[in-house]
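Let's take a walk through a protein model together. Have a look at it, and then we'll go through it piece by piece.

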Amino acid sequence: MSDVLSGLESMGLGNLSNIDLFNDKKSNASAEKKKEEKPEIKEPEEKDLIYIKKVECPCCGREFPEKVIRPGKVRMISQDIDLRPRYKELDTMKYNVTACPTCGYAALSRDFTHLSSGQARFVKEKISINFTGLKYDGDIYSYDEAISRGKLALVSTVVKRGKISERAYICLTLGWLTRGKAESIAEDVPGREAMLSQLSDEENGYLLKAAEGFTEALLKESFPICGLDEYTFFYLLSALDYETGRYSESLKFVEKILINRAVSERIKDKARRIKEAISEIRSS
Ligand SMILES: [Zn+2]
(Lines give C-alpha, C1' and ligand atoms only; values in the text may rest on other atoms or scores of the structure.)
Protein backbone atom coordinates (compact mmCIF):
# COMPACT_ATOMS: atom_id res chain seq x y z
CA MET A 1 0.00 0.00 0.00
CA SER A 2 1.11 3.61 -0.04
CA ASP A 3 3.33 5.26 2.48
CA VAL A 4 0.46 7.18 3.89
CA LEU A 5 0.04 4.72 6.66
CA SER A 6 3.63 3.69 7.09
CA GLY A 7 4.70 3.63 10.65
CA LEU A 8 1.51 2.16 12.00
CA GLU A 9 3.47 -0.93 12.99
CA SER A 10 5.22 1.07 15.63
CA MET A 11 1.88 1.69 17.26
CA GLY A 12 0.97 -1.93 17.10
CA LEU A 13 -1.41 -1.33 14.18
CA GLY A 14 0.60 -2.93 11.39
CA ASN A 15 -2.47 -4.95 10.45
CA LEU A 16 -4.15 -1.74 9.27
CA SER A 17 -1.31 -0.45 7.11
CA ASN A 18 -2.87 -1.91 4.00
CA ILE A 19 -6.32 -0.63 4.68
CA ASP A 20 -8.13 0.91 1.71
CA LEU A 21 -8.65 4.58 2.50
CA PHE A 22 -11.66 5.31 0.38
CA ASN A 23 -13.35 2.03 -0.19
CA ASP A 24 -15.19 0.77 2.81
CA LYS A 25 -15.47 -2.95 2.93
CA LYS A 26 -18.27 -3.98 5.15
CA SER A 27 -17.05 -6.19 7.87
CA ASN A 28 -19.22 -9.25 8.00
CA ALA A 29 -18.69 -9.58 11.67
CA SER A 30 -19.99 -6.12 12.45
CA ALA A 31 -22.87 -6.47 10.00
CA GLU A 32 -23.90 -9.66 11.75
CA LYS A 33 -23.67 -7.92 15.04
CA LYS A 34 -25.84 -5.06 13.85
CA LYS A 35 -28.39 -7.52 12.64
CA GLU A 36 -28.53 -9.12 16.01
CA GLU A 37 -28.86 -5.85 17.83
CA LYS A 38 -31.67 -4.57 15.65
CA PRO A 39 -35.02 -5.29 17.23
CA GLU A 40 -37.06 -7.57 15.04
CA ILE A 41 -39.86 -5.68 13.30
CA LYS A 42 -42.45 -8.10 12.11
CA GLU A 43 -44.11 -7.18 8.84
CA PRO A 44 -47.88 -7.62 9.18
CA GLU A 45 -49.29 -10.61 7.37
CA GLU A 46 -52.09 -10.12 4.86
CA LYS A 47 -54.66 -11.61 7.25
CA ASP A 48 -53.74 -9.03 9.90
CA LEU A 49 -54.69 -6.25 7.48
CA ILE A 50 -58.17 -7.61 6.85
CA TYR A 51 -61.30 -7.38 8.96
CA ILE A 52 -64.80 -8.71 8.53
CA LYS A 53 -67.55 -6.23 7.78
CA LYS A 54 -71.26 -7.03 7.70
CA VAL A 55 -72.83 -6.02 4.42
CA GLU A 56 -76.49 -6.02 3.46
CA CYS A 57 -77.16 -7.18 -0.07
CA PRO A 58 -79.28 -4.67 -2.03
CA CYS A 59 -80.45 -7.50 -4.29
CA CYS A 60 -81.68 -10.23 -1.91
CA GLY A 61 -81.69 -8.28 1.36
CA ARG A 62 -79.58 -10.83 3.26
CA GLU A 63 -76.66 -9.80 5.41
CA PHE A 64 -73.27 -11.41 4.85
CA PRO A 65 -69.69 -11.06 6.12
CA GLU A 66 -67.19 -9.48 3.74
CA LYS A 67 -63.40 -9.21 3.95
CA VAL A 68 -62.30 -5.60 3.90
CA ILE A 69 -58.87 -3.95 4.16
CA ARG A 70 -58.32 -2.06 7.41
CA PRO A 71 -58.24 1.65 6.62
CA GLY A 72 -54.90 3.42 6.90
CA LYS A 73 -52.93 0.17 7.14
CA VAL A 74 -51.54 -0.05 3.61
CA ARG A 75 -49.17 2.21 1.69
CA MET A 76 -49.06 2.64 -2.06
CA ILE A 77 -45.45 2.47 -3.21
CA SER A 78 -45.74 2.73 -6.99
CA GLN A 79 -47.96 2.42 -10.04
CA ASP A 80 -47.55 0.29 -13.13
CA ILE A 81 -47.65 1.98 -16.53
CA ASP A 82 -51.43 1.40 -16.72
CA LEU A 83 -51.99 2.98 -13.29
CA ARG A 84 -52.23 -0.33 -11.44
CA PRO A 85 -51.48 0.64 -7.86
CA ARG A 86 -48.87 -1.36 -5.96
CA TYR A 87 -49.03 -1.48 -2.23
CA LYS A 88 -46.22 -2.59 0.02
CA GLU A 89 -48.27 -4.86 2.22
CA LEU A 90 -50.69 -6.64 -0.11
CA ASP A 91 -52.45 -6.49 -3.46
CA THR A 92 -55.50 -4.39 -2.62
CA MET A 93 -57.18 -5.38 -5.88
CA LYS A 94 -58.00 -8.75 -4.34
CA TYR A 95 -60.47 -6.96 -2.05
CA ASN A 96 -61.97 -4.64 -4.64
CA VAL A 97 -65.20 -6.57 -5.19
CA THR A 98 -68.15 -7.16 -2.88
CA ALA A 99 -70.09 -10.33 -3.64
CA CYS A 100 -73.23 -11.71 -2.03
CA PRO A 101 -72.66 -15.42 -1.29
CA THR A 102 -76.39 -16.13 -1.44
CA CYS A 103 -77.81 -14.50 -4.57
CA GLY A 104 -74.59 -13.98 -6.56
CA TYR A 105 -74.93 -10.25 -7.00
CA ALA A 106 -71.43 -8.73 -7.08
CA ALA A 107 -69.94 -5.36 -7.95
CA LEU A 108 -66.92 -3.20 -7.34
CA SER A 109 -67.28 -2.44 -3.63
CA ARG A 110 -67.75 1.27 -4.32
CA ASP A 111 -70.72 0.52 -6.61
CA PHE A 112 -72.24 -2.38 -4.66
CA THR A 113 -75.12 -0.50 -3.03
CA HIS A 114 -76.10 1.28 -6.25
CA LEU A 115 -78.78 -1.10 -7.44
CA SER A 116 -82.28 -0.12 -8.51
CA SER A 117 -85.21 -2.50 -8.06
CA GLY A 118 -85.27 -3.02 -11.83
CA GLN A 119 -81.58 -3.96 -11.84
CA ALA A 120 -82.12 -6.31 -8.86
CA ARG A 121 -84.78 -8.07 -10.90
CA PHE A 122 -82.36 -8.60 -13.80
CA VAL A 123 -79.76 -10.05 -11.40
CA LYS A 124 -82.32 -12.39 -9.82
CA GLU A 125 -83.58 -13.58 -13.20
CA LYS A 126 -80.21 -14.04 -14.85
CA ILE A 127 -77.84 -14.90 -12.00
CA SER A 128 -79.51 -15.83 -8.70
CA ILE A 129 -81.70 -18.47 -10.31
CA ASN A 130 -78.66 -20.55 -11.30
CA PHE A 131 -76.18 -19.42 -8.67
CA THR A 132 -74.75 -22.22 -6.54
CA GLY A 133 -73.10 -20.07 -3.87
CA LEU A 134 -69.70 -18.82 -2.82
CA LYS A 135 -67.63 -20.55 -0.19
CA TYR A 136 -64.38 -19.10 1.05
CA ASP A 137 -62.87 -20.60 4.17
CA GLY A 138 -59.53 -18.82 4.26
CA ASP A 139 -58.62 -15.65 6.14
CA ILE A 140 -57.60 -13.96 2.89
CA TYR A 141 -58.54 -14.20 -0.79
CA SER A 142 -56.22 -16.08 -3.10
CA TYR A 143 -55.69 -14.68 -6.58
CA ASP A 144 -57.93 -17.37 -8.04
CA GLU A 145 -60.73 -16.48 -5.65
CA ALA A 146 -60.31 -12.77 -6.35
CA ILE A 147 -60.39 -13.42 -10.11
CA SER A 148 -63.59 -15.48 -9.75
CA ARG A 149 -65.17 -12.69 -7.72
CA GLY A 150 -64.10 -10.18 -10.37
CA LYS A 151 -65.76 -12.29 -13.07
CA LEU A 152 -68.93 -12.48 -10.98
CA ALA A 153 -68.89 -8.69 -10.65
CA LEU A 154 -68.42 -8.37 -14.40
CA VAL A 155 -71.43 -10.54 -15.27
CA SER A 156 -73.53 -8.80 -12.61
CA THR A 157 -72.61 -5.43 -14.08
CA VAL A 158 -73.49 -6.56 -17.60
CA VAL A 159 -76.79 -8.12 -16.45
CA LYS A 160 -77.78 -5.03 -14.45
CA ARG A 161 -76.89 -2.91 -17.51
CA GLY A 162 -74.30 -0.95 -15.58
CA LYS A 163 -72.18 1.74 -17.14
CA ILE A 164 -69.82 0.68 -19.93
CA SER A 165 -66.93 2.30 -18.05
CA GLU A 166 -67.77 0.24 -14.95
CA ARG A 167 -67.59 -2.97 -17.01
CA ALA A 168 -64.34 -1.85 -18.65
CA TYR A 169 -62.83 -1.00 -15.29
CA ILE A 170 -63.66 -4.47 -13.94
CA CYS A 171 -61.92 -5.95 -17.01
CA LEU A 172 -58.92 -3.77 -16.18
CA THR A 173 -58.87 -4.99 -12.57
CA LEU A 174 -59.08 -8.58 -13.81
CA GLY A 175 -56.02 -7.86 -15.95
CA TRP A 176 -54.25 -6.44 -12.90
CA LEU A 177 -55.19 -9.45 -10.78
CA THR A 178 -53.89 -11.80 -13.46
CA ARG A 179 -50.61 -9.87 -13.50
CA GLY A 180 -50.49 -10.09 -9.70
CA LYS A 181 -51.09 -13.82 -9.87
CA ALA A 182 -48.23 -14.24 -12.37
CA GLU A 183 -45.92 -12.23 -10.11
CA SER A 184 -46.86 -14.39 -7.14
CA ILE A 185 -45.67 -17.64 -8.75
CA ALA A 186 -42.36 -18.56 -7.12
CA GLU A 187 -39.38 -19.15 -9.41
CA ASP A 188 -38.97 -22.77 -8.43
CA VAL A 189 -42.55 -23.81 -9.23
CA PRO A 190 -42.48 -26.60 -11.85
CA GLY A 191 -43.98 -25.53 -15.19
CA ARG A 192 -43.67 -21.86 -14.28
CA GLU A 193 -42.82 -20.70 -17.82
CA ALA A 194 -45.92 -22.28 -19.30
CA MET A 195 -48.08 -20.83 -16.54
CA LEU A 196 -46.64 -17.35 -17.06
CA SER A 197 -47.20 -17.56 -20.78
CA GLN A 198 -50.84 -18.53 -20.28
CA LEU A 199 -51.39 -15.81 -17.68
CA SER A 200 -49.81 -13.24 -19.98
CA ASP A 201 -52.29 -14.20 -22.72
CA GLU A 202 -55.17 -13.97 -20.25
CA GLU A 203 -54.00 -10.57 -19.00
CA ASN A 204 -53.72 -9.32 -22.55
CA GLY A 205 -57.30 -10.45 -23.18
CA TYR A 206 -58.58 -8.49 -20.18
CA LEU A 207 -56.62 -5.38 -21.11
CA LEU A 208 -57.95 -5.52 -24.68
CA LYS A 209 -61.52 -5.73 -23.36
CA ALA A 210 -60.82 -2.86 -20.97
CA ALA A 211 -59.48 -0.72 -23.85
CA GLU A 212 -62.47 -1.62 -26.01
CA GLY A 213 -64.93 -0.70 -23.23
CA PHE A 214 -63.16 2.53 -22.31
CA THR A 215 -63.08 3.58 -25.97
CA GLU A 216 -66.83 3.07 -26.12
CA ALA A 217 -67.35 4.86 -22.81
CA LEU A 218 -65.53 7.83 -24.33
CA LEU A 219 -68.37 8.17 -26.85
CA LYS A 220 -71.23 7.60 -24.41
CA GLU A 221 -70.21 9.00 -21.04
CA SER A 222 -69.04 12.33 -19.74
CA PHE A 223 -66.05 13.04 -17.53
CA PRO A 224 -65.02 12.17 -14.95
CA ILE A 225 -65.10 8.54 -16.13
CA CYS A 226 -64.23 6.02 -13.41
CA GLY A 227 -63.14 9.00 -11.36
CA LEU A 228 -60.56 10.04 -13.98
CA ASP A 229 -60.37 13.43 -15.67
CA GLU A 230 -60.20 13.58 -19.46
CA TYR A 231 -56.41 13.54 -19.86
CA THR A 232 -55.71 10.92 -17.21
CA PHE A 233 -58.28 8.81 -19.02
CA PHE A 234 -56.51 9.42 -22.36
CA TYR A 235 -53.28 8.42 -20.67
CA LEU A 236 -54.84 5.18 -19.42
CA LEU A 237 -56.06 4.41 -22.94
CA SER A 238 -52.61 5.11 -24.39
CA ALA A 239 -51.10 2.75 -21.81
CA LEU A 240 -53.59 -0.04 -22.52
CA ASP A 241 -53.07 0.31 -26.28
CA TYR A 242 -49.31 0.23 -25.72
CA GLU A 243 -49.49 -2.85 -23.50
CA THR A 244 -51.61 -4.72 -26.00
CA GLY A 245 -49.32 -3.87 -28.91
CA ARG A 246 -51.60 -1.33 -30.61
CA TYR A 247 -48.93 1.29 -30.95
CA SER A 248 -50.56 3.62 -33.51
CA GLU A 249 -53.68 3.94 -31.36
CA SER A 250 -51.52 4.50 -28.31
CA LEU A 251 -49.58 7.31 -29.98
CA LYS A 252 -52.80 9.12 -30.94
CA PHE A 253 -53.66 9.49 -27.28
CA VAL A 254 -50.07 10.36 -26.39
CA GLU A 255 -50.16 13.23 -28.92
CA LYS A 256 -53.48 14.52 -27.57
CA ILE A 257 -51.83 14.71 -24.14
CA LEU A 258 -48.57 16.28 -25.28
CA ILE A 259 -50.07 19.09 -27.37
CA ASN A 260 -52.39 20.30 -24.61
CA ARG A 261 -50.86 23.04 -22.48
CA ALA A 262 -53.31 22.52 -19.65
CA VAL A 263 -52.22 18.94 -18.96
CA SER A 264 -50.01 18.43 -15.92
CA GLU A 265 -46.32 17.66 -16.39
CA ARG A 266 -46.78 14.48 -14.39
CA ILE A 267 -49.16 13.03 -16.99
CA LYS A 268 -47.05 14.41 -19.85
CA ASP A 269 -43.95 12.68 -18.48
CA LYS A 270 -45.77 9.39 -18.29
CA ALA A 271 -47.02 9.84 -21.86
CA ARG A 272 -43.50 10.66 -23.07
CA ARG A 273 -42.23 7.43 -21.55
CA ILE A 274 -44.78 5.48 -23.59
CA LYS A 275 -43.77 7.37 -26.73
CA GLU A 276 -40.11 6.56 -26.10
CA ALA A 277 -40.86 2.91 -25.42
CA ILE A 278 -42.78 2.64 -28.70
CA SER A 279 -40.01 4.27 -30.73
CA GLU A 280 -37.52 1.89 -29.14
CA ILE A 281 -39.64 -1.12 -30.08
CA ARG A 282 -40.14 0.19 -33.62
CA SER A 283 -36.47 0.91 -34.19
CA SER A 284 -35.27 -2.45 -32.95
ZN1 LIG B 1 -77.77 -11.16 -2.28
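What follows covers the overall layout, then the metal site, then the salt bridges.

This is a predicted model, so local features need a pLDDT of at least 70 and side-chain atom pairs count only at pLDDT 80 or more, while totals for chains, interfaces and linings use all residues. Residues are numbered from 1 along each chain as its sequence is written, and side-chain values use heavy atoms, with hydrogens and water left out.

**The overall layout**

The protein has eight helices and six strands. Here, helices (H or I, at least four residues) and strands (E, at least two) are DSSP runs, numbered from the N terminus. Reading from the N terminus, the order is α-β-β-β-β-β-β-α-α-α-α-α-α-α.

Of the 284 residues, 41% are buried. "Buried" means under 20% relative accessible area, "exposed" means over 50%, and "partly exposed" is in between (1.4 Å probe, protein chains only).

**The zinc site**

Which residues hold the zinc ion? Its protein donors are Cys57, Cys60, Cys100 and Cys103, each through its SG atom, at 2.2 to 2.3 Å. Donors are N, O and S atoms within 2.8 Å of the metal (3.2 Å for Na, K and Ca); water is not among the atoms, so sites may look incomplete.

The site is tetrahedral, with angles of 105 to 118 degrees among the four donor atoms. Four donors get that label if all angles lie between 85 and 135 degrees. For four tetrahedral donors, the ideal angle is 109.5 degrees.

Along the sequence, the donor residues follow the spacing C-x2-C-x39-C-x2-C. Distant parts of the chain are linked here: Cys57 sits in the loop between β1 (50-56) and β2 (63-69), and Cys100 sits in the loop between β5 (97-99) and β6 (106-108), 43 residues away. Cys57 and Cys100 are both buried.

**Salt bridges**

How many salt bridges are there? The structure holds 24. A salt bridge is a side-chain nitrogen of Lys or Arg within 4 Å of a carboxyl oxygen of Asp or Glu. Here are some of them:

| Pair | N to O distance | Relative accessible areas |
|---|---|---|
| Asp111 and Arg110 | 3.9 Å | Asp111 12%, Arg110 48% |
| Lys209 and Glu212 | 3.1 Å | Lys209 45%, Glu212 46% |
| Glu216 and Lys220 | 2.6 Å | Glu216 31%, Lys220 58% |

Lys209 and Glu212 both belong to helix α5, three residues apart, or about one turn of the helix. Glu216 and Lys220 are also in helix α5, and because they are four residues apart, about one helical turn separates them.

Some salt bridges join up into a network, which links Asp80, Asp82, Arg84, Arg86, Asp91, Arg179, Glu183, Glu203 and Glu243.

**One more stop on helix α5**

Gly205 also lies in helix α5 (residues 192-220). Gly205 is partly exposed, with a relative accessible area of 33%. Thr244 is 39 residues from Gly205 in sequence, yet their C-alpha atoms are 8.5 Å apart in space.

Definitions and conventions:
Tetrahedral: all angles 85-135°; square planar, octahedral: opposite > 155°, others 65-115°.
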